[in-house]
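Thanks for making time this morning. I'd like to walk you through one model, contact by contact. Please bring it up on your screens.

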Amino acid sequence: SSTRSNSGNSEPTPASAVGETKKRPKSVKPDILCSFCLQTDEERSEEMISCCLCGASGHPSCLQFNEALTERVKLYNWECIECKKCEICRNPGDDATLLFCDDCDKGYHMSCLDPPLNGEPVVLER
């Protein structure tokens, strides 16, 4: 699977980017407005996904998520770009070294990978 860096984002980065979770902590209420277009899911006829930690919400199309990625992020406690931590060390660390997997959108520090990456990976066109 390929990864993308937070530093050279090809996806939008609002104050809060977003995702959905099946097991959201009860104290976190999803925002009813998309962080990108400021519309509800009813206004766009598109179900939003929300961050499990802060509740920020967004339409998959506003997040530039394809259908497969949208379905994957609904299967786990998704973290928005503002809340995202490395899946290995669970620290936010340096944003410039946090990569996002193109297939699942989980975050990984280059130095936490085995073997570690010394530089940003080349993104292959599909």
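Predicted model: local features only at pLDDT ≥ 70, side-chain atom pairs only at ≥ 80, totals over all residues.

Start with a salt bridge. The side chains of D105 and K84 meet here, with 3.2 Å from N to O. This pair links distant parts of the chain. D105 sits in the loop between β4 and β5, while K84 sits in the loop between α2 and β4.

The cut-off behind both calls is under 20% relative accessible area.

Stay on D105 for the backbone. Phi of D105 is near 70°, a positive value, and the residue is not a glycine. For context, most residues other than glycine have a negative phi. Where does D105 fall in the fold? β4 and β5 form a hairpin with five residues between them, and D105 is in that turn.

Now the hairpin itself. β4 covers 98-101, and β5 covers 107-109. The two strands pair in the antiparallel sense over three bridges. Across the pairing, L99 stands opposite Y108 in β5.

Which way do the β4 side chains point? L98 and F100 point one way. L99 and C101 point the other way. All four are buried.

K84 lies over the face of W78, at 4.6 Å from the ring centre. So K84 has two partners to look at, because it also makes the salt bridge to D105, and the cut-off for a charge over a ring is within 6 Å of the ring centre. There is another case of a charge over a ring. K106 lies over the face of Y76, at 4.5 Å from the ring centre.

Next, follow W78 to its aromatic partner. The count for the structure comes to one aromatic pair. F65 and W78 form that pair, and the geometry is edge-to-face. Centre to centre it is 5.9 Å, with 70° between the planes. F65 lies in the loop between β3 and α2, and W78 in the loop between α2 and β4, so the pair ties together parts that are 13 residues apart in sequence. Both F65 and W78 are buried. For F65 the relative accessible area is 8%.

F65 also brings us back to D105. In sequence F65 and D105 are 40 residues apart. In space they are 9.3 Å apart, C-alpha to C-alpha.

Let me return to salt bridges. How many are there in the whole structure? The search finds five. One of them is E87 with R90, where the closest N and O atoms are 3.2 Å apart. E87 and R90 also belong to a network of salt bridges that includes E79.

R90 lies in the loop between α2 and β4.

One more salt bridge for the list. E46 pairs with R44, and the closest N and O atoms are 3.7 Å apart. R44 counts as partly exposed, at 29% relative accessibility.

Last item, a peptide bond. From D114 to P115 the bond is cis, with omega near 5°. P115 is in the segment after β5. As a general point, most peptide bonds are trans.

To recap, keep D105 in view. D105 is buried, has a positive phi in the hairpin turn, and bridges to K84. K84 in turn lies over the face of W78, and W78 pairs edge-to-face with F65. That's the tour.

Notes
Residues numbered from 1 in each chain as written. Heavy atoms only, no water. Buried < 20%, exposed > 50% of the residue type's maximum accessible area, 1.4 Å probe, protein only. Salt bridge = Lys/Arg side-chain N within 4 Å of Asp/Glu carboxyl O. Phe/Tyr/Trp six-rings, centres within 6.5 Å; stacked < 30°, edge-to-face > 60°. Lys NZ or Arg CZ within 6 Å of the ring centre and 35° of its normal. Pairing = 2+ DSSP bridges.
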